[in-house]
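Subject: Structure handover

Hello,

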Amino acid sequence: MSVFKLPLSFCDDLQKIITQFWWSQNSSSRSFHWLLWLKLCLSKKYGGLGFRVLSSFRIALMAKQY
């Protein structure tokens, strides 16, 4: 992820898998989302859980290479 710019569709699919892991008890039933994903992506200092927004994180890793 730090060498190649991943497509946004791949980042979205990966983020969907992560959200399903945190919110779904099983794959067949729908789940209730208690908080917005962007709220969970806030740093712990600001009340979030510190999850990363993958579409922004991939750009930050690319910038780190230069």
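How many residues does the chain have, and what percentage of them count as buried? The chain has 66 residues, and 18% of them count as buried; buried means under 20% relative accessible area, exposed over 50%, and partly exposed in between, with a 1.4 Å probe and protein chains only.

Two remarks on conventions before the details. This is a predicted model, in which local features need pLDDT of at least 70 and side-chain atom pairs count only at pLDDT 80 or more, while totals for chains, interfaces and linings use all residues. Residues are numbered from 1 along each chain as its sequence is written, and side-chain values use heavy atoms, leaving out hydrogens and water.

**The chain as a whole**

The chain holds 3 helices and 0 strands, giving the pattern α-α-α along the sequence. Helices (H or I, at least four residues) and strands (E, at least two) are DSSP runs, numbered from the N terminus. Its accessible surface is about 5700 Å², and carbon and sulfur atoms account for 62% of that; these areas come from the Shrake-Rupley method with a 1.4 Å probe, and for residues only the protein chains shown count as cover. Of the contacts (heavy atoms within 4.5 Å) between residues at least 6 apart in sequence, 42% join residues at least 24 apart.

**Helix α1**

Thr19 sits in helix α1, which covers residues 8-23. Thr19 counts as buried because its relative accessibility is 14%. Its side chain reaches the backbone oxygen of Lys16 at 2.8 Å. Beyond its neighbours within four places in sequence, Thr19 is in contact with Ser24 and Trp37.

Gln15 is also a residue of helix α1, and its relative accessible area of 15% makes Gln15 buried. Setting aside residues up to four places away in sequence, Gln15 touches Trp37, Val53 and Leu54.

Ile17, in helix α1 too, counts as exposed because its relative accessibility is 53%. Ile17 belongs to a nonpolar surface patch with Phe10, Leu14, Ile18, Phe21 and Trp22, and together they have about 620 Å² of accessible area. Patches are made of residues with over 30% relative accessible area and no salt bridge, joining like charges within 9 Å and nonpolar side chains (Val, Leu, Ile, Met, Phe, Trp, Tyr) within 5 Å. A salt bridge here is a side-chain nitrogen of Lys or Arg within 4 Å of a carboxyl oxygen of Asp or Glu.

Gly48 lies in the loop between α2 (37-40) and α3 (54-64). Is Gly48 buried or exposed? Gly48 is buried, since its relative accessible area is 9%. Apart from residues up to four places away in sequence, Gly48 touches Lys39, Leu40, Leu42 and Ser43. Gly48 and Trp37 are 11 residues apart along the chain, with 9.5 Å between their C-alpha atoms.

**Cysteines**

Cys11 counts as buried at 2% relative accessibility, and Cys41 is buried with a relative accessible area of 14%. The count of disulfides (pairs of cysteine sulfur atoms within 2.5 Å) comes to 0.

Best wishes

Notes. Polar contact = N/O pair within 3.5 Å; in protein donor to acceptor, adjacent residues only side chain to side chain.
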